[in-house]
Amino acid sequence: MRIAQVAPLHEAVPPKLYGGTERVVSFLTEELTAMGHDVTLFASGDSVTSARLNACWPQALRLDPAIRDPIAPHMLMMELVARAADQFDILHFHMDYWPFTHFSRQATPMLTTMHGRLDLMELQPIFNAFPKVPIVSISDNQRTPLPQAHYVRTVLHGLPEKLLTPQPGPRDYFAFLGRICPEKGVDKAIRIARALNVPLKIAAKIDKVDADYFDREIAPMLGAGVELIGEINDRQKPAFLSGARALLMPIDWPEPFGLVMIEAMACGTPVVAFRRGSVPEVLEDGLTGLIVDDEHEAIAACARLPELNSTAIRRRFEERFTARRMAQDYLELYNQLIDGRVPPEKFL
């Protein structure tokens with residue numbers, strides 16, 4: 001099958017450090033290529049892939065200080081994809097609503113995976129105007145704010161099976177992984193860890209938009225058992241996650257998926273997460289993690305962590321969240337779209 005994968009230009013594919021969407025695009029692209037498909041990746045020029053790379057901008061926009069208008073490179077990308085569209089059997093976009101106008105009016109079958117939150121008021125008229133564009137959600141919960149969208153399947157994310165594996169050694173701290181911002185709840189993670197007298201290691205990026213929040217709310221909480229490590233890459237994650245008693249995920253927003261949960265599971269590490277967004281779809285309470293409603297419940301629930309078995313957690317990762325399973329799900333959907341068959345409204 002001739003497949004186009006179209007990624008955002010903000011980060012390379014895969015990203016050098018943080019970047020959930022671009023990492024998932026990389027995992028999917030590499031898996032489809034390994035399965036023998038002819039895949040072209042439209043992405044930044046500093047991307048690394050075994051597929052054919054169509055470099056739509058020299059480097060990732062976040063790493064280019066000269067970029068003042070990030071819309072212009074994405075507009076160019078849309079044109080490059082449009083010029084090549086008839087070379088593919090399927091066009092798979094990871095660009096939110098960017099492709100809706102042109103690509104819903106051309107012959108090559110297309111679909112868009114929505115990777116972000118859909119509870120933004122501005123999205124309502126967009127999806128009202130494009131009721132037939134095939135949309136993939138990354139959790140069923142993600143669909144809630146936009147029930148009018150034409151969802152053709154939910155495809156849960158997956159990781160390469162051997163990318164992150166359990167490492168030997170003691171598990172003697174709590175971990176926080178991701179991004180420092182109000183909705184991710186790092187302040188709550190700090191309070192939970194301190195209440196239990198367990199060290200907390202924070203491996204997270206700080207975006208410019210969240211710098212004031214970090215300086216005002218989080219920086220004063222550091223020290224006394226709370227260590228900020230900064231951003232880490234995939235090579236560093238196995239040791240970081242395998243050394244943790246649990247990954248703390250006290251989120252305060254409708255998380256569309258939460259890649260960090262399956263990264264922890266891949267390392268045999270349980271996740272203590274708030275019942276928000278996709279959490280109940282990804283975690284199995286009492287098996288791969290503990291699902292709670294607030295800080296007090298999290299503190300109490302951590303007494304159950306010794307009951308969770310790291311080998312069983314890793315096994316569930318292998319059963320549910322590999323990149324091969326994700327690629328197979330997408331291939332089934334690609335074939336349905338190419339054949340003109342309308343998939344069921346909810347196909348899991």
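## Buried and exposed residues

A residue counts as buried when its relative accessible area is under 20%, as exposed when that area is over 50%, and as partly exposed in between. By this rule, both Lys184 and Glu255 are buried. The structure described here is a predicted model.

## The Lys184–Glu255 pair and other salt bridges

Lys184 and Glu255 form a salt bridge, in which the closest N and O atoms are 3.2 Å apart. The two residues belong to distant parts of the chain, 71 residues apart. Lys184 sits in the loop between β8 (173-179) and α5 (186-195), while Glu255 sits in the loop between β11 (244-249) and α8 (259-266).

A second salt bridge joins Arg320 and Glu284, with 3.7 Å between the closest N and O atoms. Arg320 belongs to helix α11 (residues 310-320) and Glu284 to the loop between α9 (279-282) and β13 (289-292), so this pair ties together parts that are 36 residues apart in sequence. Glu284 has a relative accessible area of 23% and is therefore partly exposed. In total, the structure holds 27 salt bridges.

Another of these salt bridges is formed by the side chains of Arg117 and Asp119, at 2.7 Å from N to O. Arg117 is partly exposed because its relative accessibility is 31%. Asp119 also counts as partly exposed, at 34%. Salt bridges can also form a network, and one such network links Arg23, Asp234, Lys237 and Glu263.

Strand β2 (residues 38-44) runs parallel to β3 and is joined to β3 by five bridges. Within this pairing, Ser44 has Trp57 of β3 as its bridge partner.

Strand β1 is mostly covered, as four of its five residues are buried. β1 pairs with β2 in the parallel sense over five bridges, and with β4 in the parallel sense over four bridges. Ile3 takes part on both sides: its bridge partner in β2 is Val39, and its bridge partner in β4 is Ile90.

## His92 in strand β4

Which strand holds His92? His92 is in β4, which spans residues 90-93. With a relative accessible area of 0%, His92 falls under the 20% limit and is therefore buried.

The side chain of His92 makes a polar contact of 2.8 Å with the side chain of Thr113. Another polar contact, of 2.6 Å, joins the side chains of His92 and Tyr334. Leaving aside residues up to four places away in sequence, His92 touches Ala4, Gln5, Val6, Leu28, Leu111, Thr113, Tyr330 and Tyr334.

## The six-stranded sheet

A further open sheet has six strands in the order β10-β9-β8-β11-β12-β13, and the pairing is parallel. β10 (226-228) and β13 are the edge strands, each pairing on one side only.

Strand β12 (residues 271-274) pairs with β13 in the parallel sense over four bridges. In this pairing, Val272 stands opposite Leu290 of β13. Helix α5 packs on the sheet, where it touches β8, β9 (200-205), β10, β11 and β12, and its direction makes about 170° with that of β9. Helix α8 lies across β8, β11 and β12 and runs at about 170° to β11.

## An annotated region

An unreviewed UniProt entry carries the annotation "domain: Glycosyl transferase family" for residues 169-301. Over this range the chain is 32% helix and 23% strand, and the end C-alpha atoms are 24 Å apart.

How values were computed. Residues are numbered from 1 along each chain as its sequence is written. This is a predicted model: local features need pLDDT of at least 70, side-chain atom pairs count only at pLDDT 80 or more; totals for chains, interfaces and linings use all residues. Side-chain values use heavy atoms; hydrogens and water are left out. Buried means under 20% relative accessible area, exposed over 50%, partly exposed in between (1.4 Å probe, protein chains only). A polar contact is a pair of N or O atoms within 3.5 Å; within protein, one must be able to donate a hydrogen and the other to accept it, and residues adjacent in sequence count only if both atoms are side-chain atoms. Contact means heavy atoms within 4.5 Å. UniProt positions are given in the numbering used here, feature names are shortened, and annotations may be inferred rather than shown by experiment. A salt bridge is a side-chain nitrogen of Lys or Arg within 4 Å of a carboxyl oxygen of Asp or Glu. Two strands pair if DSSP finds at least two bridges between them. Axes are lines fitted to C-alpha atoms, for helices over the stretch in contact, and angles run from 0 to 180 degrees between N-to-C directions.
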